[in-house]
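Dear colleague,

Please find the structure below, together with its sequence. My notes on it follow directly after.

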There are 2 protein chains.
Amino acid sequence: MGSVDMDEQVTERAGRRRGRTGGGGAARRAERTSTAIEAARYITRNVPNLDILHDEALEIIEANAETILWEIGVNFVNNPAALARWKDAGAEIDGERVHIPRGLARQLCATAPRTFTQHARNPERSVEMGGRNLVLAPVYGPPFVHDAVSGRRYATIEDFRNFVKLGHMSPWLHHSGGTVCEPTDVPVNKRHLDMLMAHMTLTDRPFMGSVTEPSRAQDSVEMCEILFGKEFVAENTVLTSLVNINSPLTFDDTMMGALETYAAANQASIVSPFIVGGAMAPVSVAGTLTQVAAETLAGVAYSQLVRAGAPVIMGAFVTSIDMNSGAPTFGTPEAAQVTYGTGQLARRLGLPYRSAGAFCGSKLPDAQAAYESANSLNMGLLAGVNFMLHACGWLEGGLVASYEKFVMDADQLGALHKLAAGIDMSEEAQAMDAIREVGPGGHYLGCAHTQRNFKTAFWRSRLLDYKPYETWSEEGARDTVALASVKVRQMLESYSAPAMDPGTREALDAYVAEKKASMPDAFS
Amino acid sequence: MGSVDMDEQVTERAGRRRGRTGGGGAARRAERTSTAIEAARYITRNVPNLDILHDEALEIIEANAETILWEIGVNFVNNPAALARWKDAGAEIDGERVHIPRGLARQLCATAPRTFTQHARNPERSVEMGGRNLVLAPVYGPPFVHDAVSGRRYATIEDFRNFVKLGHMSPWLHHSGGTVCEPTDVPVNKRHLDMLMAHMTLTDRPFMGSVTEPSRAQDSVEMCEILFGKEFVAENTVLTSLVNINSPLTFDDTMMGALETYAAANQASIVSPFIVGGAMAPVSVAGTLTQVAAETLAGVAYSQLVRAGAPVIMGAFVTSIDMNSGAPTFGTPEAAQVTYGTGQLARRLGLPYRSAGAFCGSKLPDAQAAYESANSLNMGLLAGVNFMLHACGWLEGGLVASYEKFVMDADQLGALHKLAAGIDMSEEAQAMDAIREVGPGGHYLGCAHTQRNFKTAFWRSRLLDYKPYETWSEEGARDTVALASVKVRQMLESYSAPAMDPGTREALDAYVAEKKASMPDAFS
């Protein structure tokens, strides 16, 4: 039988794209010469969600969350404007504590859109957040990187660019993410400029904005105005950014400042409790779900107070703690239960849902890493997650972005696409002609139905080892990490940047140069 | 905070057990001195099944399966008695082909019990097959073993005994399985005697009988009559054995001979298509499901023709083929879809369901092995599987039983227990007192609710690395395989056999010695 080069799911090629801003002859020339990149459309699930909580349980959690918001309240720190907004909306303010009357937060959430489009500069790479969709993005935030040759070290801007390139080359990623690693060799106050440049120039997929200062969020919007056009940005969402809640029940001014900037510009925020269960939330799943419900209700409601109708995603980053060592643990059953339950809460609120990822606590891309990551990825798909950050590359509790694990996880994401597509029940798929043709005791390898369908029948890893033992042994008995190292090198060597209008590129370069020149370097 | 020694789920200790047959003083003395072994009760799921097919799809599959049974038929090879049984039941016979009228197989299946108890010699280790239960058993069938030091080699009876011991020491396994590896150093015609002796003496959990010849099935029953007492075996199920169907649509006389022996003795068989999709079934999921439905309907119906009411499990071993290399692949989305779908078919038939396992194609217990295994284990839990063979130790497409992977997979099974338990919604679990006590900006590490609950709050791996980076690094930067190697050694060194009545042991020894003396060695 012949070779299977392409999966059915990878139907689009970036070579066909039409850049929105790239109208010039140079752009067209660049486009013609750029390498075609395989890229799957974001997942639209044709499988049910796993609803592990009964309605009565969800109602208890929601009622308790309202009790928390009213009786305990939430803190908005160093943020008089936020307190004023809440007061106007009908909350009671006590110092920095906001007591939200029962029903108010839920009512405010109602203006948030159920779904929204995040546009990419290549329109074919734009993604739809919410509904039955699942958009996959790489790891976010690690200060370290790891590769099989050099081991673990601080991340640099070169690493950052490499990960953006790997993401661009991965057919199963839909989104370029944000801080794929911290470029620690760039001053803290200028990193966001280099990171945004990488996302804007090295890929044509959607990406995230800076949240570490409101001014950096503003820079993110302004760079998007150069990339997409000012008018386009005013009317469309081109950034989705990660706004963490300081659990328990605290909204700090840095993160809220970023949220305010983005909401005012009609750009999307993910309002996301960051919870290591047992430390930032109760040691019980039901208690954690209750706190997540209260925090996201308050955060999403606040985004709507800033601008009714602003796009927002209800998030939950939840893991548990190892009560022996105090270390966060990943891929655990309690985190899965919270993820399933929060999905049900998000759907009842009619909000897009962000959670899960290729989480693991392991220091190496070994079996532990893979067990924990596979547990988390499967759980994410079935929990109805709409935006999955950290879908590849995460290592050591998120401290490390791993080159090898990036391509290992990214390969597994292909399996999620196929699983999510559901079961084809067409007459051709029922295959009664094949069963008749082959009959008892025969085999299907050569039958007509197999000939017609084998190319697209089964998902096939492009990384893992399927070779006979002897071949595998002769080729060096390589484990998954060794195969992934080769793949990383191949991908980076064959990478070519998507075409970009030279005028746009010049304007972005000028913006970044001017911003960098306007301030001294800061390293903390 | 204190140390977490025990998980909530491990509530029973073998030290408390009362042996059914061990009434003598020596047995009581042995019992008092035997080491207490932690052992979790089989899983009773408190989470929903993932039903990925609509009723209409299931009805199409069932109708197509009936069409296959009637129009194409199934072969019962070298088995005139089976053909006679089918003829008496109303089927049409054409040579060895049995054409089963629509509805007949389904009607015959109705006498199979929805659930049954498989008894262990330690009554606390007996398991309930069917319903919402999930019983976990180790890998079955590999001719090779693998360990990190010696690599891959042919399995011996010493390996076999080691794996039975490891199973006995694993708190999350409920069943000792059957051919955990092929003891290739024992003559083929005597292996079953040594294997049964190992299961009967080295553990007190339930186990499987031989299926490689009807006479060996008979030996299995007779040895059980010694272990449990003749009267007990006549009235109770003490063996569950694996009867594969030669897909497509063929029932050979060896396997059917074993099934006939067991059904006649009221012992359980798993009637299980063995399918590498694309070779033994169509390349489509719907087609494979249809064939699985037809084959299991015919097989289960046949068990009821031998003895109405005989305990039987509807099985499905399904994987797909890599159309490039022809190798079977594991942990793939198509296999998951078949597993989910077959679970729905089994529940509609009211039969216990066997499927899934820690499947992988990898040659090493590396990340590939873990991704693939975790995909399969999670899928098995959510597909409503009742008996999961191969739940640990499987490597290289089932050719190899891996020492390290045995304990790696077995550790992951603990997470399944916790996930399956569902979410506690008690007032204590709602934790409103903790949220009130801690309030915005606090932490939960020392609060009263945490103090009361932390010991049992979170599932904790007993194998994986949760240490700080520096500690881990100083201790040799070990990967999962290295940690597992240590664990294997520790478990085998600390193993002690469960107590057994000396008279029973002598009778078993005598039976085996007599049987072995009665026939020359055969090696093929």
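Helices (H or I, at least four residues) and strands (E, at least two) are DSSP runs, numbered from the N terminus.

Please note that this is a predicted model: local features need pLDDT of at least 70, side-chain atom pairs count only at pLDDT 80 or more, and totals for chains, interfaces and linings use all residues. Residues are numbered from 1 along each chain as its sequence is written, while chains are lettered from A and ligands numbered from 1 in the order in which they are written.

E7(B) is joined by 4 bridges to strand E8 (residues 127-130) of chain B, and the two run antiparallel. Within E8(B), Val127(B) is the bridge partner of Gln118(B). Two strands are taken to pair if DSSP finds at least two bridges between them.

Chain B also holds an open sheet of 4 strands with mixed pairing, in the order E11-E10-E21-E20. Strands E11 (151-154) and E20 (394-395) of chain B stand at its edges with a single partner strand each, so one side of each is left without a neighbour in the sheet. Strand E10 (residues 144-147) of chain B runs parallel to strand E21 (residues 400-402) of chain B, with 3 bridges joining them; Val145(B) stands opposite Ala401(B).

As for the two chains, a rotation of 180° with 0.0 Å of shift along its axis superposes chain B on chain A (RMSD 0.0 Å), by least squares on the C-alpha atoms of residues with pLDDT of at least 70 in both. The two copies are thus related as by a two-fold rotation axis. Ala367(B) has the C-alpha nearest the axis in chain B, 2.1 Å from it.

Between the chains, 102 residues of chain B are in contact with 102 residues of chain A, contact meaning that the C-beta atoms, placed from the backbone, lie within 7 Å. On the chain B side, the largest share, 9 residues, comes from helix H12 (residues 367-382) of chain B.

With kind regards

Definitions and conventions. Two residues are in contact if their C-beta atoms, placed from the backbone, lie within 7 Å.
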